[in-house]
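Please walk through this protein model step by step. Keep the 3D view open as you read.

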Amino acid sequence: MPIMRAAFASHFDDADPLAALTVGERPEPTPPADDWVTVQLRATSLNHHDLWSLRGVGLTEAQLPMILGCDAVGLDPEGRPVVVYPVVVTPGDPRGVSILSEYFPGTLAERVAVPRSNLIPLPDGMAATDAACLPTAWLTAWRMLTTKGRVADADSVLVQGAGGGVATAAVALAVAMGKRVYATSRDAGKRDRISALGATALEPGARLPERVDVVIETVGAATFDHSLKSAAPMARIVVSGATAGHEPTVNLRRVFAMQLEILGTSMGTPGELYELLAFCADNEVRPVVDSVIPFSRVEDAFARLHSGDAFGKIVIDHEA
């Protein structure tokens with residue numbers, strides 16, 4: 001059986017997810033249907049989803065070993081550079097869809113099999129290592145701002161917990177859209193880097209100079225009351241994560257008195273990914289990259305992600 005090198009979950013370890021990571025040989029991908037193709041990978045990027053998979057969230061023992069990774073840029077069977085949209089129709093999942101590395105092997109390998117319809121041309125002049133940041137975290141941020149947050153009708157945006165992939169992407173995108181952007185972080189060094197992106201950096205819970213039209217919320221219970229208090233009348237609070245608690249206390253009187261909208265979202269559509277790629281290319285927006293690490297050192301990349309010290313995306317270069 002043909003084999004390739006890959007990074008995969010070999011077991012689960014909630015206390016030490018890095019201990020569940022294995023780098024070794026796995027079978028070459030086999031397209032499960034005629035409309036699937038195999039992509040030769042050039043660059044990928046990590047997401048916290050990869051660490052959750054190593055902890056056993058969203059996977060069962062029966063699915064192991066599972067190749068990790070959602071984001072990717074590679075070459076299609078005709079040799080054309082493409083960005084991989086990571087959401088796949090999955091009839092057995094209650095959502096009707098899944099992302100790569102849940103039911104289908106992921107992108108932290110030499111090759112991956114995906115539906116041909118999931119391939120989007122890489123814009124001319126965009127580096128593979130930049131585009132590999134976009135399909136999960138940046139796409140989520142794009143959908144939060146545009147489709148859900150209706151940021152075109154907004155003047156100001158608050159991003160909670162900037163430093164992580166989605167939040168940092170939201171800061172960079174909102175600044176590029178010409179909005180007044182406020183962003184919180186507990187880390188002084190990260191606040192300095194947020195300021196360098198063009199946002200006003202604040203400590204968590206700090207009073208804003210104004211109430212904002214859109215709040216990007218990925219933190220959860222630790223920041224949600226601040227998000228409510230910072231929202232202007234008829235503002236949109238868009239939620240795509242809850243890294244610091246998923247059961248916040250919500251002041252419903254503020255919600256109805258201020259006519260606030262609390263909106264949940266996850267990922268985005270292929271059309272939204274195409275729009276995001278075009279926006280970044282047309283406006284020369286480069287993803288915030290913490291580090292680019294060769295695939296031969298993928299364990300170091302996971303350690304960096306697990307440390308919590310990363311600012312922006314950790315990219316894996318498959319060609320280095």
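Helices (H or I, at least four residues) and strands (E, at least two) are DSSP runs, numbered from the N terminus. This is a predicted model, where local features need pLDDT of at least 70, side-chain atom pairs count only at pLDDT 80 or more, and totals for chains, interfaces and linings use all residues. Residues are numbered from 1 along each chain as its sequence is written, and side-chain values use heavy atoms, with hydrogens and water left out.

Start with a loop. Arg150 sits in the loop between helix 3 and strand 11. Arg150 is not a glycine, yet its phi is positive, at about 50°. Another loop, between helix 1 (48-55) and strand 4 (66-67), holds Pro65. A cis peptide bond links Leu64 to Pro65, with omega about -10°.

Six strands make an open sheet, ordered 13-12-11-14-15-16, with parallel pairing. Strand 13 (200-202) and strand 16 (261-264) are the edges, each pairing on one side only. Two strands pair if DSSP finds at least two bridges between them. From one strand to the next, the twist averages 20°. Strand 11 (residues 156-159) pairs with strand 14 (residues 212-217) in the parallel sense, over three bridges. Val157 has Val214 of strand 14 as its bridge partner.

Helix 3 (residues 134-148) packs on this sheet and touches strand 11, strand 14, strand 15 (231-239) and strand 16. Contact means heavy atoms within 4.5 Å. The direction of helix 3 makes about 140° with that of strand 15. Axes are lines fitted to C-alpha atoms, for helices over the stretch in contact, and angles run from 0 to 180 degrees between N-to-C directions.

How do helix 3 and helix 8 (residues 270-282) pack, and at what angle? Their axes lie 9 Å apart, at an angle of about 95°. Helix 3 and helix 8 are therefore roughly perpendicular to each other (65 to 115 degrees). Among the residues in contact are Trp138 and Trp142 of helix 3, and Leu276 and Phe279 of helix 8. By class, this contact has ten nonpolar, one polar and three charged residues. Ala, Val, Leu, Ile, Met, Phe, Trp, Tyr, Cys and Pro count as nonpolar, Asp, Glu, Lys and Arg as charged, and the others, Gly among them, as polar.

Technical notes: Parallel < 35°, antiparallel > 145°, perpendicular 65-115°, else oblique.
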